[in-house]
Amino acid sequence: MRLIADKLGGERGGEPVFANIGFALEDGEALIVTGPNGSGKSTLLRVVAGLLPAADGEVRLEGGSEDWPTPAAACHYVGHLNAMKTALTVNENLDFWRRFAGEPALGVAEALEEVGLGHIGHLPFGYLSTGQKRRAALARLLVSHRPVWLLDEPTAGLDKASEARLSEMMDQHLAEGGIIVAATHLPLGIAARELRMGDALRG
Ligand SMILES: Nc1ncnc2c1ncn2[C@@H]1O[C@H](COP(=O)(O)OP(=O)(O)OP(=O)(O)O)[C@@H](O)[C@H]1O
């Protein structure tokens, strides 16, 4: 499988944010997207995820067959917001995602163990600390299978032990032939190429 960005341009509010971005990632490869605040890292991930239209160029997935016809179908996107309902328990949230996304992988309890939250699945998501919320959101990656992980600042709010666990999760995903694109200001502890976004095109 190959995830390709070809002469990609992105805009927000009708204003260009980046232009002419290109990369090609094979099975087992990771790309770290770095750059100053406002340079378009989140916008790029959202375009790759199919959540925003490309202003120019295209994103495509080659070799995804019928299972994964488009990059959007093939990806898990974990953005700044954790995409969990605060009034539902952690278990209920992850159970929802597991059914909704399909392609079930780990069970909810197992996934929570993997992110070190085995003891709090029964709590409403809203009760969790910032780092715990992030860890629960990252457990979404484990409850259903997607070959491509798009992660926006995945370490935000994580303590050192959780950062190390996330590195292991990402390493395992890559070892199984997965692809990762992660926007980050911090090293993620995985072997990856780097795409540095320029200063914002607008002031
Ligand atoms: N919904 C929106 N409408 C208009 N402009 C937006 C919108 N969202 C983001 N922008 C602008 O687009 C530009 C790129 O933002 P983006 O969030 O992609 O940057 P980033 O590199 O991820 O920044 P950071 O490091 O702060 O997370 C910024 O100038 C931002 O103000």
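**Figure 1. The five-strand sheet.** An open sheet of 5 strands, paired in parallel, is ordered β5-β6-β7-β3-β8. Its edge strands, each pairing on one side only, are β5 (75-78) and β8 (193-196). On average, neighbouring strands of this sheet are turned by 15 degrees against each other, direction ignored. Axes here are lines fitted to C-alpha atoms, for helices over the stretch in contact, and angles run from 0 to 180 degrees between N-to-C directions. The model is predicted: local features need pLDDT of at least 70, side-chain atom pairs count only at pLDDT 80 or more, and totals for chains, interfaces and linings use all residues. Residue numbers start from 1 along each chain as its sequence is written. Helices (H or I, at least four residues) and strands (E, at least two) are DSSP runs, numbered from the N terminus. Two strands count as paired if DSSP finds at least two bridges between them.

**Figure 2. Pairing of β3 with β7, and the helices on the sheet.** Over 4 bridges, strand β3 (residues 30-34) pairs with strand β7 (residues 179-183) in the parallel sense. Within this pair, L31 is opposite V181 in β7. Helix α1 (residues 41-48) packs on the sheet and touches β3, β5, β6 (148-152) and β7, with its direction at about 150 degrees to that of β7. Helix α5 (residues 130-143) also packs on the sheet, where α5 touches β5 and β6; its direction makes about 180 degrees with that of β5. Contact between two residues requires C-beta atoms, placed from the backbone, to lie within 7 Å.

**Figure 3. Strand β6 and its partners.** β6 pairs with β5 in the parallel sense over 4 bridges, and with β7, also in the parallel sense, over 5 bridges. Y77 is opposite L150 in β6, while W149 has I180 in β7 as its bridge partner. 5 of the 5 residues of β6 are buried. A residue is buried if 20 or more other C-beta atoms lie within 10 Å of its own, exposed if 12 or fewer, and partly exposed in between, with C-beta atoms placed from the backbone. In a regular strand, side chains alternate between the two faces of the sheet. Both faces of β6 are covered, with V148, L150 and D152 buried on one side and W149 and L151 buried on the other.

Figure 4. β1 and β4 run antiparallel and are joined by 6 bridges. The bridge partner of A5 in β4 is V59.

**Figure 5. The hairpin of β1 and β2.** Strand β1 (residues 2-12) runs antiparallel to strand β2 (residues 15-26), with 8 bridges between them. A5 is opposite F23 in β2. The hairpin has 2 residues between its strands, and G13 takes a positive phi near 55 degrees.

Figure 6. 6 of the 8 residues of α1 are buried: K41, T43, L44, L45, V47 and V48. G50, which follows α1, has a positive phi near 85 degrees. The ligand is surrounded by 13 residues, of which R12, G13, N37, S42 and T43 are the closest. A residue counts as near a molecule or strand if its C-beta atom, placed from the backbone, lies within 6 Å of it. α1 gives the most to the shell, with 3 residues. By class, the shell holds 3 nonpolar, 8 polar and 2 charged residues. Ala, Val, Leu, Ile, Met, Phe, Trp, Tyr, Cys and Pro count as nonpolar, Asp, Glu, Lys and Arg as charged, and the others, Gly among them, as polar.

**Figure 7. The whole chain, for orientation.** The protein chain has 6 helices and 8 strands, in the sequence pattern β-β-β-α-β-α-β-α-α-α-β-α-β-β. The C-alpha trace spans about 45 × 40 × 30 Å along its principal axes. The radius of gyration is 17 Å, which agrees with the value near 17 Å that a compact globule of 203 residues would have. This radius is taken over C-alpha atoms, and the globule rule is 2.2 Å times the number of residues to the power 0.38. Buried residues account for 39% of the 203 residues. Of the contacts between residues at least 6 apart in sequence, 71% join residues at least 24 apart.
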